[in-house]
Structure formats: C-alpha cells, structure tokens
Amino acid sequence: MTTAAPQASASAIAVAKVLDHVMRSDRGRLLASLLAVLRNLSLAEEALQEAAVSAMNHWSRSGLPQSPQAWLLTVARRKALDRLRGATRENKKVHDMSYLMAQEEEDADEIPDERLRLIFACCHPALEMKSRVALTLRAVCGVTTVEIARLFLDQEATMGQRLSRAKAKIAAAGIRFEVPASEYWPMRLEAVLTTIYLIFTTGYVAGPVEERDLCQEAEYLIRLINRLRPEEAEIEGALAMMLLTAARRAARIGQDGASLPPTEQDRGLWDHARIAEGRALLQQAMQRHKPGPFQIKAAIADCQMADPAPDWPQIALLYQSLLRHEPTPIVMLNAAVAAAEAGHAAEALRVVESLVGELAGYQPWHAARAALLVMTDQKSEACLAYKQAIDMTSHAAEALFLQKQLISASPFAVRRR
Amino acid sequence: MQYMLLIYNDPSKEPAYGTPDFQKMMAEFFAANEQMKADGVLRGGEGLKGIETATSLRIKSGKVETMDGPFAETREHLGGYYVIDVKDLDAALKYAALLPSAHFGTIEVRPLMDYNPAG
C-alpha cells in the first residue's frame with residue numbers, strides 16, 4: 001500500500017519521458033501522416049495534442065504500447081473525426097474521411113513518411129519568410145512555440161499568432177499538403193531550400209541558443225529531404241554547402257574571441273569528416289549536370305578551404321555564375337570582394353560603392369568597403385568605414401574582429417611599428 | 001477553387017498605346033486568355049477604364065460623400081481582373097504569371113469566398 005503511490009508516479013514519469021521523446025522526434029512524421037487525409041494543419045496539431053493527453057493517462061495505467069507512434073496516430077485520427085463530427089454537418093465528408101482513415105489504419109505499424117508534403121506546404125513561397133521558418137521548425141522539427149519565439153527574440157504570444165496566421169493562410173488560400181507536380185517543382189524546391197538555408201545561417205550567426213541549435217535543425221531537414229527525394233542536384237548541393245560551412249564552425253572564433261576569416265582559421269579545428277562528406281556530395285551533384293545556386297555556393301565554400309589558401313580566382317568566377325542565378329546586390333557585393341582578393345581591388349571598390357543605395361543599411365557592406373579601402377591604400381577612409389561597420393554589428397566576435405582591422409588600418413599602428 | 005487575379009498597374013510604366021511594346025502586351029493578354037479558355041479555367045474577367053474616370057463614395061454619419069478619383073493614393077491601381085477556377089494556389093499563380101502586367105505591375109491573387117461550403 002505504501003509503495004503503490006511512488007510506483008505509480010515512477011511509471012508516470014517514465015511514460016512522460018517516452019511521450020516527450022516521441023512528440024519531439026516523431027511529431028513531424030505523425031502530423032504529416034494525419035495531413036494526408038485531414039488537409040488541415042491546425043486540426044492535425046490539435047488532434048495529435050489530444051492523443052498525447054490520452055496517451056499520458058492510458059499508458060500510465062496499462063503500460064506502453066508496442067508502437068507508441070502507431071498508437072498516437074490511431075487515437076489522433078479518432079480525435080480528429082470526433083472534432084469534425086462536432087463542428088460540421090458535412091456528414092458525407094466526415095464519412096469519406098473515416099473510410100480513408102480506416103484504410104490507412106490497417107498498416108499503422110508502418111507509418112509511411114509523408115513529411116515531404118508537410119515541408120513543401122510550410123515553405124510555400126506565398127507565406128512570409130519568417131513564417132515559413134517558424135512553421136517548419138514547429139511542424140517538422142517539433143520545436144516548441146516558446147523556443148521559436150526565443151530564437152526570434154519575440155514574445156510567445158506574437159509567435160503563436162504568426163503561426164496561426166500562417167496555418168490559416170495555408171487553409172484559406174489553397175496551399176495543398178502535396179508534393180508539387182513537376183511543373184511547379186523547381187520554384188517550390190527553391191522556396192524550401194532557401195527556407196532551410198535561412199534556418200542554417202540564423203543558427204550559424206547566433207551560435208547554439210538554449211537546447212535547440214538551428215544549424216542542426218537545418219542539417220536534419222536537408223538530410224531528410226535528400227533521403228525522401230534522392231538524386232536531386234540542388235538538394236545535394238544545399239546539403240554539401242551546409243556541411244562545408246558547418247565544418248568550419250569550431251574554428252571561426254579565435255582565442256581572443258574575435259571572429260576569424262577562413263584564411264586565418266586553425267585548420268586542425270575543421271571537421272574533416274563533414275568536409276569529406278560535403279565534397280563527395282558536391283561531386284555527385286555536379287555529375288548530374290543540373291547546375292543551380294546551391295551547388296555554386298557549395299563550390300565557393302569548398303574553394304575557400306583550398307590548401308594552402310583560398311582559390312580566389314576560382315571563387316570570383318563562381319560568383320559570376322551565381323550572379324546569373326541570383327542577380328541581387330548582396331551577391332554583387334560578395335562577387336566584388338572575391339574579385340578584389342583575386343587582384344582587382346580598385347575595380348571591386350567601384351562596384352561596391354555603386355551599391356550604396358541598396359546596401360547602406362547592410363552591415364557587411366560597410367565591413368567589405370573598409371577592407372577594399374585598405375587594399376587600395378585609402379586608410380583614413382577605411383577607418384571611418386570600419387567604425388561605421390562596428391557601430392552596426394550586434395555580434396561581439398564580429399565587432400572584435402573589426403576593431404583589430406581598424407587598429408591595423410589606423411595611422412597610429414604604422415607609427416608603433 | 002476560384003481565385004481572382006487582380007491586376008495592379010502604374011499607368012506611367014505601362015507600354016504606351018501604338019508602340020510595339022503595346023502590341024506585344026496585347027498579344028500576350030490574348031495568348032493568356034486563349035490558354036485559360038483552352039484549359040477550361042476561365043470564369044470571367046474585365047478591364048477597367050483609367051483612374052481619371054473613377055469616383056469614390058463613402059457614407060459618413062448617414063451622409064453620402066463622393067470624391068473624384070480612386071480609393072487609394074498609390075502609384076499602382078486596379079486595372080482589371082480575371083476569375084479562374086483551378087485546383088490550388090500553385091495553379092492560380094501559374095496563370096497570374098502569364099499576364100503581361102506582371103512584368104511592370106503586380107498581380108494580386110485572392111481566393112473567392114465560398115458561400116456554399118457544402119458544395
């Protein structure tokens with residue numbers, strides 16, 4: 001009698017742990033399965049949440065089912081049907097759905113992986129970029145709304161509203177939970193890859209925040225897509241680009257806390273397994289003869305790690321081809337920086353200065369202009385540009401790096417020598 | 001699903017009447033129409049006369065106020081619309097991209113309200 005209560009609570013804790021794990025790691029997969037019939041993300045989420053609540057009660061009493069995932073899916077389907085029956089008089093529709101679901105329940109042990117359609121809906125180009133990122137993290141990666149809000153420095157309520165609006169738009173605007181047909185595939189894939197790339201760069205710049213590392217979430221997503229849709233050159237290119245960039249992550253901040261450009265990084269700290277995997281993937285992608293911006297960006301990341309020094313002429317050429325795919329001011333800026341490193345500093349500075357209208361509010365423009373002013377021997381102008389770049393950065397490591405550049409460009413540094 | 005494609009144009013950016021560019025634009029509109037008809041998706045559409053012909057009206061405290069000119073003081077104005085019936089947003093966007101105005105203006109794609117959900 002005295003041991004019964006502690007035993008019950010011990011099993012409840014174990015159940016809660018299993019449930020928490022399943023709801024984190026398999027949430028996307030379960031939602032995607034539910035969506036195959038329900039076609040409504042809010043309904044699928046609510047039904048899954050209800051199923052999780054039932055699971056907590058049921059599993060604590062009768063023990064864990066053989067497949068927690070299949071159990072949750074079956075119960076969530078019933079909960080969804082109950083909700084539909086309560087909310088609508090469209091009996092035929094509910095009848096059709098229950099029929100479809102009964103068909104699916106027969107093989108509930110082998111839940112088919114339908115996540116591709118979930119990802120494509122969450123990353124639809126008709127949604128605002130920030131909503132795409134948030135929705136993908138929430139629905140596919142199982143990151144909680146609180147965690148996403150923290151990553152964006154938003155209030156939880158604000159982020160919750162953003163997610164609701166995005167889901168409402170998917171339902172109302174006619175965005176389907178389907179893998180797009182071939183005529184829409186290139187445009188839709190590009191939207192998916194840019195969303196994942198943004199998740200990656202946000203994580204790369206911020207570093208690991210709390211327990212969720214956005215670089216890892218992005219890598220997880222791109223690996224998932226690559227597995228579900230193999231032999232797609234741009235998907236392989238995007239994965240290669242992330243691996244080749246992430247490989248340098250441990251080396252990008254020096255001992256003094258300042259960020260380091262690839263040329264000055266300790267190559268011993270690079271993740272050589274990731275580099276090898278990234279290079280192999282890039283090779284494989286290029287052999288498909290379907291060039292695209294992500295393959296080019298991967299090639300640029302690769303050339304930056306050439307031994308013993310970056311291959312700047314090659315990088316400058318790659319940026320020229322990237323410009324044909326993405327003729328944006330930011331790519332023009334990066335192309336100019338590469339051209340300067342390849343020996344065309346004066347011309348590069350002219351290009352950079354011509355972008356002032358578009359990029360004056362973009363911190364890297366000031367940092368790049370400062371470096372080009374140093375290269376063309378205009379040190380006092382360079383110091384002003386460095387000061388501006390320092391004022392505009394919010395990252396301590398970047399500010400420290402720029403401080404060092406500023407000191408070496410300033411006339412006092414010359415005298416001290 | 002039915003969608004309205006609302007065509008917003010800045011009249012100063014539109015090709016001028018009588019120029020080869022104007023001819024090209026008309027030919028592209030014609031081709032888009034033919035495509036929508038051939039695919040069986042076209043439900044309707046009209047072009048609007050210029051904003052200099054527009055009159056706006058609102059009722060304030062029970063009193064009708066009329067004003068010369070369009071509703072919004074923006075550079076791009078509603079110039080016409082299509083209504084199409086297609087499978088999903090992707091398909092609606094595909095037809096929107098056929099309209100030549102997308103090159104110098106904006107096409108807003110909006111689903112129509114469904115008054116009879118039971119269908």
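I take a residue as buried if 20 or more other C-beta atoms lie within 10 Å of its own, exposed if 12 or fewer, and partly exposed in between, with C-beta atoms placed from the backbone.

**Entry 1. Ground rules.** I note that this is a predicted model, in which local features need pLDDT of at least 70, side-chain atom pairs count only at pLDDT 80 or more, and totals for chains, interfaces and linings use all residues. Residues are numbered from 1 along each chain as its sequence is written, while chains are lettered from A and ligands numbered from 1 in the order in which they are written.

**Entry 2. Two loop residues with positive phi.** I looked up Asp377(A), which has a positive phi of about 65 degrees without being a glycine. Asp377(A) sits in the loop between helix H19 (363–375) and helix H20 (379–392) of chain A. Asp377(A) counts as exposed because it has 10 C-beta neighbours inside 10 Å. I then turned to Leu153(A), also not a glycine, whose phi is positive at about 55 degrees. Leu153(A) belongs to the loop between helix H8 (145–151) and H9 of chain A. With 8 other C-beta atoms within 10 Å, Leu153(A) is exposed. For background, most residues other than glycine have a negative phi, and most peptide bonds are trans.

**Entry 3. A cis peptide.** I found a cis peptide bond between Asp307(A) and Pro308(A), with omega at about 0 degrees. Pro308(A) is placed in the loop between helix H14 (293–304) and helix H15 (312–325) of chain A.

**Entry 4. Chain A overall.** I count 22 helices and zero strands in chain A; helices (H or I, at least four residues) and strands (E, at least two) are DSSP runs, numbered from the N terminus. The C-alpha atoms of chain A fill a box of roughly 85 × 60 × 40 Å along the principal axes. Chain A has 417 residues, of which 38% count as buried. For contacts I use C-beta atoms, placed from the backbone, that lie within 7 Å. Of the contacts in chain A between residues at least 6 apart in sequence, 61% join residues at least 24 apart.

I checked confidence as well: pLDDT is the predictor's confidence in each residue, from 0 to 100. Chain A averages a pLDDT of 90, and 91% of the residues score at least 70. Within chain A, the lowest mean, 56, belongs to helix H22 (residues 411–416), and the highest, 98, to helix H13 (residues 272–286). Where pLDDT is low, the predicted coordinates should not be read in detail.

**Entry 5. Helix packing around H11(A).** Helix H10 (residues 185–206) and helix H11 (residues 214–228) of chain A pack at about 155 degrees, with axes 7 Å apart. H10(A) and H11(A) are therefore roughly antiparallel to each other; the classes are under 35 degrees for roughly parallel, over 145 for roughly antiparallel, 65 to 115 for roughly perpendicular, and oblique for the rest. The residues in the contact of H10(A) with H11(A) comprise 11 nonpolar, two polar and one charged. Here Ala, Val, Leu, Ile, Met, Phe, Trp, Tyr, Cys and Pro count as nonpolar, Asp, Glu, Lys and Arg as charged, and the others, Gly among them, as polar.

The contact of H11(A) with H12(A) has nine nonpolar, one polar and three charged residues.

**Entry 6. A covered helix.** I looked at helix H6 (residues 115–122) of chain A, which is mostly covered, with seven of its eight residues buried. Among the buried residues of H6(A) are Arg115(A), Leu116(A) and Phe120(A). The cover includes helix H2 (27–38), helix H7 (129–139), helix H9 (156–173), H10 and H11 of chain A.

Entry 7. I read two helices and six strands in chain B, in the order β-α-β-β-β-β-α-β along the sequence. The C-alpha trace of chain B spans about 50 × 50 × 15 Å along its principal axes. Of its 119 residues, 18% count as buried. Leu112(B), in the segment after strand E6 (106–111) of chain B, counts as partly exposed, with 13 C-beta neighbours inside 10 Å. Between the chains, nine residues of chain A are in contact with six residues of chain B. The chain A side of that contact has six nonpolar, one polar and two charged residues.

How values were computed: Two residues are in contact if their C-beta atoms, placed from the backbone, lie within 7 Å. Axes are lines fitted to C-alpha atoms, for helices over the stretch in contact, and angles run from 0 to 180 degrees between N-to-C directions.
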